[in-house]
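Me: Hi! Could you walk me through a few spots in this model?
Reply: Happy to, let's look at it together.

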Amino acid sequence: MKKLQDLVRPNIWALKPYSCARDEFKGVKADVHIDANENPYDNNVNRYPDPLQDKVKAMISPLKNVPVENIFLGNGSDEAIDLPFRIFCRPGKDNVVAIEPTYGMYQVCAETNDVEYRKVLLDENYNFSPDALLSACDENTKIIFICSPNNPTGNAFPRENIEKVLNEFQGIVIVDEAYADFSPQRSFRQDINKYPNLIVLNTFSKAWGAAGIRLGMAFASTDIIGLFNKVKYPYNVNILTQKKAIEILSDLPLLQRHISMILDERETLKRAFETLPICEKLYPTDANFFLAKVTDADKIYHYLVEKGIIVRNRNRVTLCQGCLRITIGTKDENTKLLSALRQYK
């Protein structure tokens with residue numbers, strides 16, 4: 001890896017971060033807070049939230065086996081995806097490389113930040129070649145994105161492929177593990193000390209059942225986390241989100257039970273789906289969804305919409321022609337889906 005200073009945009013390296021009121025008195029116990037121009041009358045949300053979300057991070061740390069100083073929390077994973085563009089990529093000069101197909105926000109963030117986005121196609125089994133990814137890079141490539149398990153394909157990539165990229169690429173490698181809780185593969189967040197160029201993303205939106213609170217996680221070296229905190233907006237995670245996250249993290253048995261139920265339903269739904277006349281191929285999955293090639297994706301999609309059942313039509317996504325993406329629902333929802341598809345003609 002290049003020196004971190006050589007990867008960071010010069011203006012960001014020199015940036016003096018905004019100092020908010022909550023940062024300035026951190027660690028001080030006080031009864032009177034008249035420093036932040038807040039409304040003094042307590043209604044549970046009249047005060048600014050903790051800008052670094054220390055209580056939430058303290059609960060995440062043992063669960064994810066990552067020190068607090070290596071954790072960043074953002075307004076959804078989208079913030080943790082956008083910040084590396086703003087930190088590392090010079091608009092109009094630098095580029096990023098990503099597998100294709102994959103999560104669409106990487107390209108959206110690249111285009112928003114005026115950064116060239118280079119796509120490297122997966123093979124017919126939805127796997128990637130490390131050499132192909134590395135060959136797409138040049139001296140202005142700052143970031144490589146790898147979503148594993150991947151969206152929309154569902155599969156986790158072999159660790160050795162990702163490790164080769166980490167070992168040989170001189171820039172930042174972002175491994176998006178939004179669906180890792182559904183995969184038996186060991187998480188790369190355990191390797192952030194081994195790879196100083198690694199950023200691992202995770203989210204409350206999938207396994208943790210909290211898409212509505214918009215809370216994303218990033219795990220990386222203390223130096224990279226320091227840059228995230230330097231560039232982020234001061235109060236990026238609101239107080240209601242932090243309170244709900246603490247509530248969710250206080251009931252880990254319920255969290256694990258829901259993950260187990262989703263995994264059980266995934267196998268049941270897959271077996272049943274494969275027997276349907278519309279199913280031409282079911283792709284392997286390590287996520288809470290599967291990708292299925294069907295006889296007529298557009299027609300079946302619209303048929304399900306008329307039945308009040310919404311799946312994701314991926315027919316126009318690169319390498320996913322003829323495919324629908326099916327999220328694992330409750331047992332009742334999955335039964336309704338299968339019942340509707342058995343009546344399809």
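Reply: One term first: a polar contact is a pair of N or O atoms within 3.5 Å. Keep in mind that this is a predicted model.

Me: Thanks. What does the side-chain oxygen of Asn-238 reach at the start of α10?
Reply: That oxygen comes to within 2.9 Å of the backbone nitrogen of Leu-240.

Me: And which residues of α10 are buried?
Reply: Helix α10 covers residues 239-249, and its buried residues are Thr-241, Gln-242, Ala-245, Ile-248 and Leu-249. Looking down the axis of α10, they fall within an arc of 125 degrees, so they line one face of the helix.

Me: Why would residues spaced like that point the same way?
Reply: An α-helix has 3.6 residues a turn, so residues three or four places apart point the same way.

Me: What covers the buried residues of α10?
Reply: The cover includes α4 (54-64), β7 (215-219) and α11 (252-274).

Me: Switching to strands: how many residues of β6 are buried?
Reply: Six of the six, over residues 198-203, so β6 is largely enclosed by the rest of the structure. On one side sit Leu-198, Val-200 and Asn-202, and on the other Ile-199, Leu-201 and Thr-203; all are buried, so both faces of the strand are covered.

Me: Do β5 and β6 run parallel or antiparallel?
Reply: Parallel, with four bridges joining β5 (residues 172-176) to β6. Within that pairing, Val-175 stands opposite Val-200. β6 is also joined to β7 by four bridges, and those two run antiparallel. There, Asn-202 stands opposite Met-217 in β7.

Me: What about the open sheet, which order do its four strands take?
Reply: The order is β8-β9-β11-β10, with antiparallel pairing. β8 (279-282) and β10 (312-313) are at the edges with a single partner strand each, so one side of each has no neighbour in the sheet. β10 pairs with β11 (residues 323-327) over two bridges, and Asn-313 has Leu-324 in β11 as its bridge partner.

Me: Last one: where is Asn-150, and is it buried or exposed?
Reply: Asn-150 is in the loop between β4 (141-147) and α8 (159-168). Asn-150 is buried, with a relative accessible area of 0%.

Me: What does the side chain of Asn-150 reach?
Reply: The backbone oxygen of Pro-101, at 2.9 Å. The side chain of Asn-150 also makes a polar contact with the side chain of Thr-153 at 3.2 Å. Leaving out residues up to four places away in sequence, Asn-150 touches several others, including Ile-99, Leu-122, Phe-157 and Phe-289.

Key: Residues numbered from 1 in each chain as written. Predicted model: local features only at pLDDT ≥ 70, side-chain atom pairs only at ≥ 80, totals over all residues. Heavy atoms only, no water. Buried < 20%, exposed > 50% of the residue type's maximum accessible area, 1.4 Å probe, protein only. Arc of directions from axis to C-beta. Contact = heavy atoms within 4.5 Å. Polar contact = N/O pair within 3.5 Å; in protein donor to acceptor, adjacent residues only side chain to side chain. Pairing = 2+ DSSP bridges.
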